[in-house]
Amino acid sequence: MAHKKEGNFQLACTKHFEVMHPAATSVEGINLDGVGNHPNAWFSASVQYHNAKNGGGSGSAAAAAAGSNLLMAKKEEVVEGAL
């Protein structure tokens, strides 16, 4: 909570990810780049972590990326529709 109160939202999100996904840095195939910078990166890394933890195959990263890309496309549709 200290990071949030100080306005360090990227650090707060990164710390939250670390707490919710123990040892994620040691799990092979998880892309942690941008976890604290963008919600889609957080989501994608979380899906990759849970797939790896539950025995997901090598397609886990691709599935997470596809899900993340779909969310982004839907967001763009909503924004364009509002203009």
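What share of the contacts in the chain with a separation of 6 or more comes from residues 24 or more positions apart? In this predicted model, such residues account for 38% of those contacts.

**The overall picture**

Welcome to a chain built from helices: there are four of them, and zero strands. Read from the N terminus on, the order of elements is α-α-α-α. The chain has 83 residues, and 19% of them count as buried. Its accessible surface comes to about 5,900 Å², with 59% of that belonging to carbon and sulfur atoms.

**An aromatic pair**

Searching the whole structure for aromatic pairs turns up one. Its partners are Phe-17 and Trp-42, whose ring centres are 5.3 Å apart; the ring planes stand at 90°, so the pair is edge-to-face. Because Phe-17 sits in helix H2 and Trp-42 in helix H3, the pair ties together parts that are 25 residues apart in sequence. Here are the two partners side by side:

**A residue in the loop**

One more residue deserves a look. Between H2 and H3 runs a loop, and Ala-23 lies in it. Although Ala-23 is not a glycine, it has a positive phi of about 60°.

Notes
Residues are numbered from 1 along each chain as its sequence is written. This is a predicted model: local features need pLDDT of at least 70, side-chain atom pairs count only at pLDDT 80 or more; totals for chains, interfaces and linings use all residues. Side-chain values use heavy atoms; hydrogens and water are left out. Rings of Phe, Tyr and Trp (its six-membered ring) pair if their centres lie within 6.5 Å; planes under 30 degrees apart count as stacked, over 60 as edge-to-face and the rest as tilted. Helices (H or I, at least four residues) and strands (E, at least two) are DSSP runs, numbered from the N terminus. Buried means under 20% relative accessible area, exposed over 50%, partly exposed in between (1.4 Å probe, protein chains only). Contact means heavy atoms within 4.5 Å. Accessible areas come from the Shrake-Rupley method with a 1.4 Å probe; for residues, only the protein chains shown count as cover.
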